[in-house]
Amino acid sequence: MLQILGLIAPFFGLIGLGFGAGRIARHPVEGLAWLNIFVIYIALPALFYQLLSKTPVEELTRIGFIAATTLATFVVFAVTVLLGLWRTKGDLASATIQGFAGAYGNIGYMGPGLALAAFGPSAAVPVALIFCFDNTMHFTMAPLLMALSGSSSNNSPFAIMRAVLWRIFTHPFILATIVGVGAALTGLTLPEPVDRFLQLLANAAAPCALFAMGVTLALRPLKRVPVELTWLVPIKLVIHPLVVWLFLGFVSDVDEAWIKSAMLMASLPAATNVFVIAQQYQVWVERATATVLVTTVLSVATVTLLLYLFSTGHLSLSPFG
């Protein structure tokens with residue numbers, strides 16, 4: 001247990017450091033703009049390119065793994081949306097944000113660094129695949145459901161589809177994934193100075209991302225605890241990884257590191273993008289902020305417990321035997 005705490009402490013410590021800096025310095029949230037640009041458009045894309053470009057091609061085509069993890073996340077999202085519709089008496093916009101709060105984990109900022117530290121280089125490919133396909137699903141569902149709810153300014157089906165495709169194929173993470181897979185397929189080898197430069201950027205991704213996340217949480221303080229957290233917290237931190245575990249049980253020949261990586265990714269707290277989406281559509285903004293903050297704090301315990309169960313063998317990696 002002490003080893004596991006030592007493993008995750010630096011990651012949550014960076015979030016805490018950013019939170020403390022945000023509380024003390026009190027600069028406006030707009031001051032994070034350039035750091036966020038560096039993280040989203042430069043450092044994390046470099047990380048994903050480095051992970052994928054050096055991966056054997058056969059590992060990038062695990063269709064069963066991709067289908068199971070993406071479908072599991074979609075099921076959690078859909079069930080949470082339905083629960084939100086029932087609680088809000090049909091408010092699709094609010095229910096959609098609740099769906100993201102229950103199924104959209106911090107797979108970009110926290111996922112790669114934590115999975116690689118916990119499971120080694122073998123976690124690189126499953127993390128990148130989950131990130132790519134889960135984000136594609138989320139980027140698709142957000143404008144689609146918001147348009148159906150009436151929260152979008154343009155409800156034309158053509159405009160919705162164009163916006164969805166634009167968000168997917170211009171996102172820097174997705175572009176980096178496509179280029180990285182292309183490099184793996186063609187066997188492209190970059191000159192050593194370029195490779196070292198990209199590795200330097202990749203190494204900066206997790207520290208900068210987690211620090212920025214902590215500052216963001218500090219500048220959007222928790223004003224009240226919404227009642228929805230009583231079910232959104234267990235859905236995100238407990239039910240989501242269990243559903244991924246169950247779905248992967250139907251897939252044969254999945255490596256142990258891949259199953260652990262998938263469950264770890266699913267167990268991560270709600271992504272800061274949940275707040276970004278809520279703010280973009282001006283729906284459920286304060287409660288989205290509370291969800292991100294509370295799940296982040298509580299995930300210190302739940303992620304530690306999950307890693308402890310892995311290390312001790314108390315959690316079977318196959319739910320059916």
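Start by selecting helix α4 (residues 92-103) and helix α10 (residues 229-248), whose axes come within 7 Å and cross at roughly 40°. The angle makes α4 oblique to α10; angles under 35 degrees count as roughly parallel, over 145 as roughly antiparallel, 65 to 115 as roughly perpendicular and the rest as oblique. Axes here are lines fitted to C-alpha atoms, for helices over the stretch in contact, with angles from 0 to 180 degrees between N-to-C directions. Helices are DSSP runs (H or I, at least four residues), numbered from the N terminus.

This is a predicted model: local features need pLDDT of at least 70, side-chain atom pairs count only at pLDDT 80 or more, and totals for chains, interfaces and linings use all residues. Residues are numbered from 1 along each chain as its sequence is written, and side-chain values use heavy atoms, with hydrogens and water left out.

On α4, pick Gln98, Ala101, Gly102 and Ala103; on α10, pick Trp231, Leu232, Ile235, Lys236 and His240. Contact means heavy atoms within 4.5 Å. By class, this contact has five nonpolar, three polar and one charged residues (Ala, Val, Leu, Ile, Met, Phe, Trp, Tyr, Cys and Pro are nonpolar; Asp, Glu, Lys and Arg are charged; the others, Gly among them, are polar).

A cavity is a set of points on a 1 Å grid over the protein atoms alone where a 1.4 Å probe fits but cannot get out, and lining residues have an atom within 4 Å of a point. Helices α3 (63-87), α6, α10 and α11 each supply at least two lining residues.

How many cavities of 30 Å³ or more are there? The count is two. Two or more of its lining residues come from each of α9 (192-219), α12 (272-281) and α13.

Last, go to helix α5 (residues 111-119), where Gly111, Pro112, Gly113, Leu114, Ala115 and Phe119 are buried (under 20% relative accessible area, with a 1.4 Å probe and protein chains only). Their cover includes α1 (2-25), α2 (33-53), α6 (124-149), α11 (256-267) and α13 (285-312). Following α5 is Gly120, with a positive phi near 85°.

Definitions and conventions: Buried < 20%, exposed > 50% of the residue type's maximum accessible area, 1.4 Å probe, protein only. 1 Å grid on protein atoms, 1.4 Å probe; cavity = no way out; pocket = protein on both sides within 12 Å on 5 of 7 lines; lining within 4 Å. Points joined across faces, edges and corners; volume = space filled by probe spheres on them.
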